[in-house]
Amino acid sequence: QVQVVESGGGLVQAGGSLRLSCTASGLGFDDYAMGWFRQAPGKEREGVACTSWSGGSTYYADSVKGRFTIDRDNAKSILYLQMNSLKVEDTAMYYCAADWASVFHNGGCLNEYNYWGQGTQVTVSS
């Protein structure tokens, strides 16, 4: 079965940087969609950045465009979210998700992914 594990969260001051890591197992050699989502207190879970593992377009939410970047270590099968110029409003529980590539091709970064990690907390202080 598919397992998704993310890590790298923490507490950082506004303007700082963090890099989140995600590893998904049980994917075989299929083309999977993977992405990062976040849920802030009192808010619904929202897509932050999503991509297909084999390439193609990458989606970034307008609120993070130019500050967050998806990176990949293909040799180690790790998906990263490089978070720069962090703002207080970026504070949230961040989740990594994975599914078949069609999820990304059909919906981009919507909450229709079926395999989720446990979440890692990112707290940005003023």
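I worked on a predicted model, in which local features need pLDDT of at least 70 and side-chain atom pairs count only at pLDDT 80 or more, while totals for chains, interfaces and linings use all residues. Residues are numbered from 1 along each chain as its sequence is written, and side-chain values use heavy atoms, with hydrogens and water left out.

I looked up salt bridges (a side-chain nitrogen of Lys or Arg within 4 Å of a carboxyl oxygen of Asp or Glu), and I found four in the structure.

One of them joins Arg38 to Asp90, with the closest N and O atoms 2.9 Å apart. Arg38 lies in strand S4 (residues 32-39) and Asp90 in the loop between strand S8 (78-83) and strand S9 (92-100), so this pair ties together parts 52 residues apart in sequence; strands here are DSSP runs of E, at least two residues, numbered from the N terminus.

Asp90 also forms a salt bridge with Arg67, at 2.8 Å between the closest N and O atoms. I placed Arg67 in the loop between strand S6 (58-60) and strand S7 (68-73), 23 residues from Asp90. Shared partners join Arg38, Arg67 and Asp90 into one network.

I then checked burial (buried is under 20% relative accessible area, exposed over 50%, partly exposed in between, with a 1.4 Å probe and protein chains only). Arg38 is buried at 10%, Arg67 is buried at 10%, and Asp90 is buried at 1%.

Lys65 and Asp62 meet in another salt bridge, 3.3 Å from N to O; here I noted that Lys65 is exposed at 52% and Asp62 is exposed at 67%.

Notes:
Helix = DSSP H or I, 4+ residues; strand = E, 2+ residues; numbered from the N terminus.
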